[in-house]
Amino acid sequence: AHLTQICTASPLHSLPIHIQLCHIYFSPPTNATITPCGHVACGPCLFTAVKTALRWETMMMGGAIRDEDGPRCPICRALIQGWDGKGGGLV
């Protein structure tokens, strides 16, 4: 079954970016990046988390990627449309 997950980030996403915390390591973000679902993370934290999850997913699937597989938000697992590994699909 195809699963589509929709996430609405916490009410904190309405705070100015400079006072938010990285949702991955809970400190002020370096090169703050916002996922399409509204989660804030450091650019390096987000890229590492997404790339690691993609590698693990590919390894577990024996190299096969299904249509519903793909880059996902490390906080809520919502699909990151347009992800290109270089910042595409992110704000």
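Me: Buried means under 20% relative accessible area, exposed means over 50%, and partly exposed is in between, with a 1.4 Å probe and protein chains only. Why is Thr 35 called buried?
Reply: Thr 35 has a relative accessibility of 3%, which is under the 20% limit, so Thr 35 counts as buried. This is a predicted model, in which local features need pLDDT of at least 70 and side-chain atom pairs count only at pLDDT 80 or more, while totals for chains, interfaces and linings use all residues. Residues are numbered from 1 along each chain as its sequence is written, and side-chain values use heavy atoms, with hydrogens and water left out.

Me: Where is Thr 35, and what does Thr 35 touch?
Reply: Thr 35 sits in the loop between β1 and β2. Strands are DSSP runs of E with at least two residues, helices are runs of H or I with at least four, and both are numbered from the N terminus. A contact means heavy atoms within 4.5 Å. Leaving aside residues up to four places away in sequence, Thr 35 touches Leu 46, Cys 73 and Leu 90.

Me: What pattern does the protein chain follow?
Reply: Along the sequence the pattern is β-β-α, from 1 helix and 2 strands. Of its 91 residues, 33% count as buried. Among contacts with a separation of 6 or more, 40% are between residues 24 or more positions apart.

Me: What makes up the largest nonpolar core?
Reply: A nonpolar core is a set of buried Ala, Val, Leu, Ile, Met, Phe, Trp, Tyr and Cys residues joined through side-chain atoms within 4.5 Å. The largest one has 9 residues: Cys 22, Ala 41, Cys 42, Leu 46, Phe 47, Val 50, Ile 80, Trp 83 and Leu 90. The elements giving two or more residues to this core are β2 (40-42) and α1 (43-60). With 3 residues, α1 gives the most. In soluble globular proteins, nonpolar side chains tend to be buried together.

Me: Which residues does Cys 42 touch, not counting residues up to four places away in sequence?
Reply: Cys 42 touches Cys 22, Tyr 25, Pro 28, Pro 29, Thr 30, Asn 31 and Thr 33.

Me: What makes Ile 24, Tyr 25 and Ile 75 a nonpolar surface patch?
Reply: Patch residues have over 30% relative accessible area and no salt bridge; nonpolar side chains (Val, Leu, Ile, Met, Phe, Trp, Tyr) are joined within 5 Å, and like charges within 9 Å. A salt bridge is a side-chain nitrogen of Lys or Arg within 4 Å of a carboxyl oxygen of Asp or Glu. Tyr 25 is at 40% relative accessibility and Ile 75 at 34%, so each of these two is over the 30% cut-off. The patch comes to about 240 Å², with accessible areas taken from the Shrake-Rupley method with a 1.4 Å probe and, for residues, only the protein chains shown as cover.

Me: Why are Tyr 25 and Ile 75 called partly exposed?
Reply: Their values, 40% for Tyr 25 and 34% for Ile 75, lie between 20% and 50%, so both count as partly exposed. Tyr 25 belongs to the segment before β1, and Ile 75 to the segment after α1. Tyr 25 touches Thr 30, Cys 42 and Cys 45, not counting residues up to four places away in sequence.

Me: Why is Asn 31 called exposed?
Reply: The relative accessible area of Asn 31 is 57%, over the 50% limit, so Asn 31 is exposed. Asn 31 lies in the segment before β1, and phi of Asn 31 is positive, near 50°. Most residues other than glycine have a negative phi. Phe 26 also has a positive phi, of about 55°, and counts as exposed at 60% relative accessibility.
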